[in-house]
Amino acid sequence: MADRVLITTDDLEQAVRVNASLEQAGFDTAMVSSLDDVRQSVRGRQPDAIILTGGLHESTAQRLLAAAREHAVSTLGLVEATDEDPNQIGRELGLTDWLVKPADPAEVTATVRRLIERRRLQQRTGILGESAPIQEVLVKIEQMAPVTSTVLIEGESGTGKELVARAIHDLSPRHGKAFIAVNCAALPETLLESELFGHEKGAFTGAAERRLGRFELANGGTIFLDEVGEMAPPTQVKLLRVLEDRSFFRVGGTQPIKVDVRVIAASNRSLKEAVALGTFRDDLFYRLNVLSVYLPPLRERRSDIPLLVRTFIAEFAKQHDRNFRGITPDAQQILVDADWPGNVRQLKNLIESMVVLAPEGEIRATDIPRDIRERSSTLPVRIAPAPTREIAGQELGFIFRSLVELKLQLEDLRRRIDDKPAERVEVIEVGTRDSGHGTRILEASPDPLTPSPEPHDHVIYKAGMSMSDVERAAIDAALRETHGNRRRAAETLGIGERTLYRKLKEYAID
């Protein structure tokens, strides 16, 4: 069946030319006047795309765009060349795409075809939304899918990172091959290496037979490494080798194994910040970040929430066999205004629960949990993971060296005090002629234990100092000694430069 396209006749000359081009390309077209019932046109004709040839600022165009968003129909607007900023107008009106008039009919036809294909991609992958950020993600998917470069997807939990990875795979030449997903945070370090690269029989206790790893199983296809930022440093090194050489060794193996795999990685935190903190290898980050996609949180695309709500209501009403009417306007506004720390996943789960539990067959404001109504954005607190062995070892070594240096300085201070000659306490008698009262005044020489100004090239321990105070003092002394050269300061302290940068940030040392 040919794709249906609705064309408005606000600019009749442009509409006729575009209509002829679309018909020649095989589209089923219909031209409608802006005076017609636009909502009825959208509902009755069920178009795959709508072209607005003019009058974009008129109320009829606004109603048509609203109807298109409600029914998830792509829109293409032809913007006047005299408009000051066509791009800004397109974004403000909520158009899926736009072209500046006079528009070439062939370009309009190609754009409409692309918008319809993109809509089908959304339906196939579940990446829903009409907002500019989501349309930008879809454009990137189209651009990245045909090539084999590594992709890094970053975004908060629940934004749909795996959906994007699957979409890239489905549109790629590898779509007929395997798509293997691995959650790097779900497996301990000892198991993750075996899971990724496999193991030979007898490689470790319990390895009763050879086992193929996920990279081998994904040969010819795509492997998706979710939460790659949680990967332990030793495994990061082996992943880097795979990205560089496309080969690896099974655990306990001696023969290299070559694979042809496209790697797509994802993280719910910024890997660039993890590199700065020293918890993620910079060379691995650069290897993963060849192509990048940022998935915006739901609070940054609130205009998509009504569409998501309608889609999820229809999906769960059918799944649970419920005759469900929908959602009231005030309830929908509450959902639009909520903060959604769990993003689309949280919204989807909430809609399912309300479809099942709403007593009236319709979601009302009273059916929405109080924490959502009150816009509480808090989630259960997650305890921060313990530092890795490598980082903990570096910190312990740094603390140990600081304590040794402190001990040596205390011994040196004690030795200097012991070697200092005792000073005599002199008693000076002042005659009554000067004081008038015959007062005897005692003056003592300075106490040898009275603190003197602290030297700038030593760390002085004071009673009550915490270990953090000692660390900070040691770092300050090293920076003074090296005149602010952080690389030399790190060498002086005997720690890595990344560890020093992390300590500088922790103690707010400029």
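**Ground rules.** I am working with a predicted model, in which local features need pLDDT of at least 70 and side-chain atom pairs count only at pLDDT 80 or more, while totals for chains, interfaces and linings use all residues. Residues are numbered from 1 along each chain as its sequence is written, and side-chain values use heavy atoms, with hydrogens and water left out.

**Entry on L65.** I found L65 in helix α3, residues 59-70, where helices (H or I, at least four residues) are DSSP runs numbered from the N terminus. I noted that L65 is buried, since its relative accessible area is 2%, and buried means under 20% relative accessible area, against over 50% for exposed and in between for partly exposed, using a 1.4 Å probe and protein chains only. Leaving aside neighbours within four places in sequence, I listed L52, T75, L93 and L95 as being in contact with L65, contact meaning heavy atoms within 4.5 Å. I also looked up the C-alpha atoms of L65 and L95, which are 7.5 Å apart in space although the residues are 30 apart in sequence.

**Entry on R119.** I placed R119 in helix α5, residues 105-125, and saw that R119 is buried, with a relative accessible area of 8%. Beyond its neighbours within four places in sequence, R119 is in contact with A72, V73, S74 and E130.

**Entry on E195.** Apart from neighbours within four places in sequence, E195 is in contact with L187, R211, G213 and R214. I noted a polar contact of 2.6 Å between the side chains of E195 and R214, a polar contact being a pair of N or O atoms within 3.5 Å, of which, within protein, one must be able to donate a hydrogen and the other to accept it, and residues adjacent in sequence count only if both atoms are side-chain atoms. The C-alpha atoms of E195 and V182, which lie 13 residues apart along the chain, are separated by 8.6 Å.

**Entry on α8 and its partner.** I then turned to the contact of α8 with helix α10, residues 233-245. In this contact E189, L192, E193, L196 and F197 in α8 meet P234, T235, K238, L239 and V242 in α10.

Technical notes: Helices (H or I, at least four residues) and strands (E, at least two) are DSSP runs, numbered from the N terminus. Axes are lines fitted to C-alpha atoms, for helices over the stretch in contact, and angles run from 0 to 180 degrees between N-to-C directions.
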